[in-house]
Amino acid sequence: MPIFHAFALLIRPRAEWAAIRDHRPGVAGSFLLHTALFALIPAIAGYVGTTRTGWQVGAGDVVRLTEESALRIAVLYYLAMLAAAFCVAWMIHWMSRTYGASQPLGRCYALATYTATPLFLVGAMQLQPILWLNLLAGLPVLGYTVFLFYTGVPVMMEIPEERGFLFSSAVMAFGLVALVAMLAITVLLWSSGFGPSFTH
């Protein structure tokens, strides 16, 4: 079951990547039983945190988002996570030919979405939308996510570790470019009147 793979991956990554590979994952199964479920964690936590808990700037009043604004952002956030998993999977699939590691799209998608498991789980921290607290929890998790990806590429793509390192680094570079592009789009949408509505 994909959901069991996700948690086992956090404990014994190398062995679990092999188990996921041998399970012959498909896009639909990984999407329905992993991505669609786990991506709900940060989306729901963000909605609850920004509408119920709120945050403070210095000694000022507690700031929250209106429910309508938070719901709109949560839905877009959820859809963006789903889209990101597909984009990374497509990029892995496309680049795999360059590194002599051509594999089915289902396996590439499983690699992309299972790698994101720690990020989905730490999204629960958004119940407390405090920037320093989320950074403190998120940075080590981000580091472990990178480790998972570098560990998973040679196993899932069935290539030597040296070639897997180069492959992983190329995909990571694509991911950073995509992240910067998403931030730029967010700024443009915010400045075009699609920003959040606050309540005190």
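## Buried residues and the nonpolar core

Leu82 is buried, with a relative accessible area of 10%; buried denotes under 20% relative accessible area, exposed over 50% and partly exposed in between, with a 1.4 Å probe and protein chains only. The model is a predicted one, in which local features need pLDDT of at least 70 and side-chain atom pairs count only at pLDDT 80 or more, while totals for chains, interfaces and linings use all residues. Residues are numbered from 1 along each chain as its sequence is written, and side-chain values use heavy atoms, with hydrogens and water left out.

Leu82 belongs to helix H5, and Ser30 to helix H3, which spans residues 27–38. Helices (H or I, at least four residues) and strands (E, at least two) are DSSP runs, numbered from the N terminus. Ser30 is also buried, with a relative accessible area of 3%. Between Leu82 and Phe31 lie 51 residues in sequence and 8.5 Å in space, C-alpha to C-alpha.

The table lists contacts (heavy atoms within 4.5 Å), leaving out residues up to four places away in sequence.

| Residue | Contacts |
|---|---|
| Ser30 | Pro25, Thr35, Tyr109, Ala110, Thr113, Tyr114 |
| Leu82 | Phe31, Thr35, Ala36, Ala39 |

A nonpolar core is a set of buried Ala, Val, Leu, Ile, Met, Phe, Trp, Tyr and Cys residues joined through side-chain atoms within 4.5 Å. The largest such core has 35 residues, and Trp17, Ile92, Leu111, Met157 and Phe167 have the most contacts inside it. H5 gives the most to this core, with eight residues.
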